[in-house]
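Welcome! Please take a look at the sequence and the 3D structure below, and then let's walk through some of the details together.

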Amino acid sequence: WALQDWAAFIISLQGLDRRSQIERVNRFINDVDYVEDGANWGMEDYWATPAQFFVRAGDCEDYAIAKYMTLRPLGMPIDSMRIVVLMDTNLGIGHAVLAVYVDDDVLVLDNQISQVVSEASIHHYQPVYSLNEHNWWRHR
């Protein structure tokens with residue numbers, strides 16, 4: 001039923017403006033429980049498909065992947081989305097978010113932040129690399 005709910009959710013967003021779609025996707029995906037890969041998959045790092053994520057929950061990169069794959073069928077251009085693997089300098093740990101380029105801004109969809117925010121407002125994240133299905137970028 002989780003995949004049917006996801007499909008119905010995507011259909012419900014059709015026709016909305018981009019910003020509304022992005023905000024609703026962030027809220028919807030953030031409602032899924034957080035489970036670390038060790039407890040969920042028995043390994044240190046595992047990047048789950050959306051189908052796996054909606055059935056078994058997941059950690060930060062799984063949220064980012066699910067958000068990416070939810071915005072994609074809504075017509076969000078692939079080249080405007082990147083999964084960003086970064087260092088949270090406040091906590092000293094790795095993290096992942098989805099960055100979406102809209103107009104002249106980069107919006108961050110983060111499982112740790114309930115609202116969508118501009119990347120300019122986040123100062124404790126240091127990007128390491130980012131990727132989408134076409135390219136990857138190493139940040140310095």
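Phenylalanine 53 is buried, with a relative accessible area of 0%; buried means under 20% relative accessible area, exposed means over 50%, and partly exposed is in between (1.4 Å probe, protein chains only). Please keep in mind that this is a predicted model, where local features need pLDDT of at least 70, side-chain atom pairs count only at pLDDT 80 or more, and totals for chains, interfaces and linings use all residues. Residues are numbered from 1 along each chain as its sequence is written, and side-chain values use heavy atoms, with hydrogens and water left out.

**Aromatic rings**

- A pair of aromatic rings is described by the distance of the centres and the angle of the planes.
- Rings of Phe, Tyr and Trp (its six-membered ring) pair if their centres lie within 6.5 Å; planes under 30 degrees apart count as stacked, over 60 as edge-to-face and the rest as tilted.
- By this rule there are seven aromatic pairs.
- Phenylalanine 9 and phenylalanine 28 form a stacked pair, with 3.8 Å from centre to centre and 5° between the planes.
- This pair links distant parts of the chain, since phenylalanine 9 is in helix 1 and phenylalanine 28 is in helix 2, 19 residues apart.
- Phenylalanine 9 counts as buried at 13% relative accessibility, whereas phenylalanine 28 counts as partly exposed at 26%.
- The rings of phenylalanine 53 and phenylalanine 54 have centres 5.4 Å apart and planes at 65°, so this pair is edge-to-face.
- Phenylalanine 54 counts as buried, at 14% relative accessibility.
- Ring pairs join Trp6, Phe9, Phe28, Tyr34, Phe53, Phe54 and Tyr63 into a cluster.

**Charges over rings**

- The charged end of arginine 56 sits over the ring of tryptophan 41, 3.8 Å from its centre; the rule asks for NZ of Lys or CZ of Arg within 6 Å of the ring centre and within 35 degrees of the ring normal.
- Arginine 82 lies over the face of tryptophan 137, at 3.6 Å from the ring centre.

**Helix 2**

- Helices (H or I, at least four residues) and strands (E, at least two) are DSSP runs, numbered from the N terminus.
- Helix 2 covers residues 18-30 and reaches 18 Å from its first C-alpha to its last, close to the 18 Å expected at 1.5 Å a residue; the expected span is 1.5 Å times one less than the number of residues.
- Gln21, Ile22, Val25, Asn26, Ile29 and Asn30 are buried in helix 2.
- They lie on the same side of helix 2, because they cover an arc of only 150° around the axis, an arc taken from the directions from the helix axis to the C-beta atoms.
- The buried residues of helix 2 pack against helix 1, helix 4, helix 5, strand 2 and strand 3.

**Helix 5 and two loops**

- Eleven of the twelve residues of helix 5 are buried, so this helix is largely enclosed by the rest of the structure.
- Aspartate 59 is in the loop between helix 4 and helix 5, and counts as buried at 8% relative accessibility.
- Aspartate 59 touches Tyr34, Val35, Glu36, Asp37 and Tyr46, not counting residues up to four places away in sequence; contact means heavy atoms within 4.5 Å.
- Asparagine 111 is in the loop between strand 3 and strand 4, and counts as buried at 18% relative accessibility.
- Leaving out residues up to four places away in sequence, asparagine 111 touches residues including Asn30, Tyr34, Cys60 and Tyr63.
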